[in-house]
Amino acid sequence: MKEKLIAIIKIARPLNFLITFASVIVTAVICLPYKTLGLNVFIAAFAASLVMASGNIINDIHDIEIDKINKPLRPLPSGKITIKEAYGLYIFFIAISIAISFLINEMAMVIVLVSILILFTYSNT
């Protein structure tokens with residue numbers, strides 16, 4: 001169970017998750033000087049981080065054969081996570097990111113949906 005949880009965390013790439021989260025916060029600080037950051041900024045940062053994590057997961061799914069050679073210790077090629085589990089996590093992250101972006105406004109949800117589509121298309125081609 002512990003090994004599975006570690007593999008799930010690794011496939012989501014926690015450092016990239018934190019960098020994405022921080023990037024959204026920094027962007028808000030730059031774009032909204034002299035304003036207190038509201039809850040929506042933190043929700044947007046979380047949604048962006050989930051989108052980024054889902055993009056990494058779908059990319060790992062599509063690159064599994066290459067990763068078996070180049071990155072055999074990653075969660076998918078090493079067998080610590082199955083492709084079915086990875087797809088489940090991908091869908092979960094997408095669903096949460098869409099749901100929480102809806103809490104911000106329609107434009108945030110459109111940005112999340114377009115980002116998901118771009119990342120999926122990139123990984124698929």
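Modeller: Helices here are DSSP runs of H or I with at least four residues, numbered from the N terminus. The model is predicted. In that numbering, R74 is found in the loop between α4 (64-70) and α5.

Colleague: Is R74 buried or exposed?

Modeller: The cut-off for buried is under 20% relative accessible area. R74 has 18% relative accessibility, so it counts as buried.

Colleague: Which residue's side chain does R74 join in a polar contact of 2.9 Å?

Modeller: Not counting residues up to four places away in sequence, R74 touches K10, I11, R13 and D60. The side-chain polar contact of 2.9 Å links R74 to D60.

Colleague: R13 is on that list of residues touched by R74. What is the phi of R13?

Modeller: R13 lies in the loop between α1 and α2. It is not a glycine, yet its phi is positive, at about 55°.

Colleague: Which element gives the most to the largest nonpolar core?

Modeller: That core has 26 residues, and those with the most contacts inside it are I11, I57, L76, A86 and F93. Two or more residues come from each of α1 (2-11), α3 (39-62), α5 (83-104) and α6 (106-124). With nine residues, the element that gives the most is α3.

Colleague: Which residues is I57 in contact with, leaving aside its neighbours within four places in sequence?

Modeller: I57 is itself listed with the residues that have the most contacts inside the core, as are I11, A86 and F93. With the sequence neighbours left aside, the contacts of I57 are I11, A86, L89, Y90 and F93.

Colleague: Why do the buried residues of α5 count as being on the same side of the helix?

Modeller: The buried residues in α5 are A86, L89, Y90, F93, I94, S97, I100, S101 and I104. An α-helix has 3.6 residues a turn, so residues three or four places apart point the same way. On the other side of α5, the exposed residues are K84, I91, F102 and L103.

Colleague: What covers the buried residues of α5?

Modeller: α5 has 22 residues and reaches 32 Å from its first C-alpha to its last, close to the 32 Å expected at 1.5 Å a residue. The cover over its buried residues includes α1, α3 and α6.

Colleague: Within what arc do the buried residues of α6 fall?

Modeller: In α6 the buried residues are A108, V112, I116 and S123, and they pack against α3 and α5. The face turned away from them carries the exposed residues E106, M107, L117, I118 and Y122. Seen down the axis, the buried residues line one face of α6, because they fall within an arc of 75°.

Colleague: Which residue caps the N-terminal end of α6?

Modeller: The cap is made through a side-chain oxygen that lies 3.1 Å from the backbone nitrogen of M107. The residue that supplies this oxygen is N105.

Colleague: How many residues apart in sequence are the parts tied together by F17 and F46?

Modeller: The count of aromatic pairs comes to three. F17 and F46 form an edge-to-face pair, 6.0 Å centre to centre with 75° between the planes. F17 lies in helix α2 (residues 14-31) and F46 in helix α3, so the separation in sequence is 29 residues.

Colleague: How is the pair of F21 and F42 classed?

Modeller: F21 lies in helix α2 and F42 in helix α3, so this pair ties together parts that are 21 residues apart in sequence. F21 is partly exposed at 24% relative accessible area, and F42 is partly exposed at 37%. The ring centres are 6.4 Å apart and the planes are at 40°, so the pair is tilted.

Colleague: Which residues does T20 touch, not counting those up to four places away in sequence?

Modeller: T20 lies in helix α2 and, at 18% relative accessibility, counts as buried. The residues touched are A48, S49 and M52.

Colleague: How far apart in space are V41 and I104, C-alpha to C-alpha?

Modeller: V41 is found in helix α3 and counts as buried at 13% relative accessibility. It touches V24, I25 and A28, not counting residues up to four places away in sequence. V41 and I104 are 63 residues apart in sequence, and their C-alpha distance is 8.7 Å.

Note on methods: Residues numbered from 1 in each chain as written. Predicted model: local features only at pLDDT ≥ 70, side-chain atom pairs only at ≥ 80, totals over all residues. Heavy atoms only, no water. Core = buried A, V, L, I, M, F, W, Y, C linked by side-chain atoms within 4.5 Å. Buried < 20%, exposed > 50% of the residue type's maximum accessible area, 1.4 Å probe, protein only. Contact = heavy atoms within 4.5 Å. Phe/Tyr/Trp six-rings, centres within 6.5 Å; stacked < 30°, edge-to-face > 60°. Arc of directions from axis to C-beta. Polar contact = N/O pair within 3.5 Å; in protein donor to acceptor, adjacent residues only side chain to side chain. Expected span 1.5 Å × (residues − 1).
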